[in-house]
Amino acid sequence: MVTRVGLVGGGAMDAGIAEMVARAGNPVLTLERDKASGAAAIVRLENSLPRAERAGKLSREATDSARSLVSTTLVIDDFADRELIIEARPAIEEIKLDLSGDWTTSSPTQQLWRPTHRPSR
């Protein structure tokens, strides 16, 4: 069973993933490009968890526990002990095309698949 998760980035989508992993009781380490991005990722989490608590989805103890399980780093080597690393990229064609064809997606956008010369992947 995976217990230590690494997450590349802490944007809106990534913050939601980090929150769900932490709410399940697993430590999450997010890799950020700079200290400001790391701080913003933590702020997203600190804004979201209390909303779940107010909605009755989390107890105060669960909120505190989830918050304590999320941390940030600027050093990719800190992922050495991670059992699962997640990278979420936005659905922006230029970013996906920049992956040199080494990706899979659930997107039905055939235009994204053509450059890979492997439309089945």
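**Terms and their grounds**

Reply: The exposed residues K35, A36 and R54 lie on the face of helix α2 turned away from its buried side; exposed means over 50% relative accessible area, buried under 20%, and partly exposed in between (1.4 Å probe, protein chains only). This is a predicted model, in which local features need pLDDT of at least 70 and side-chain atom pairs count only at pLDDT 80 or more, while totals for chains, interfaces and linings use all residues. Residues are numbered from 1 along each chain as its sequence is written, and side-chain values use heavy atoms, with hydrogens and water left out.

Me: Which residues of α2 are buried, and what makes them one side of α2?

Reply: S37, G38, A41, I42, L45, S48, L49 and A52 are buried in α2. They cover an arc of only 135° around the axis, so they are on the same side of α2; the arc is that of the directions from the helix axis to the C-beta atoms.

Me: Why are β1 and β2 called paired?

Reply: Two strands pair if DSSP finds at least two bridges between them. Parallel strands β1 (residues 5–8) and β2 (residues 28–31) are joined by 4 bridges, so they are paired. L7 stands opposite T30 in β2.

Conventions: Helices (H or I, at least four residues) and strands (E, at least two) are DSSP runs, numbered from the N terminus.
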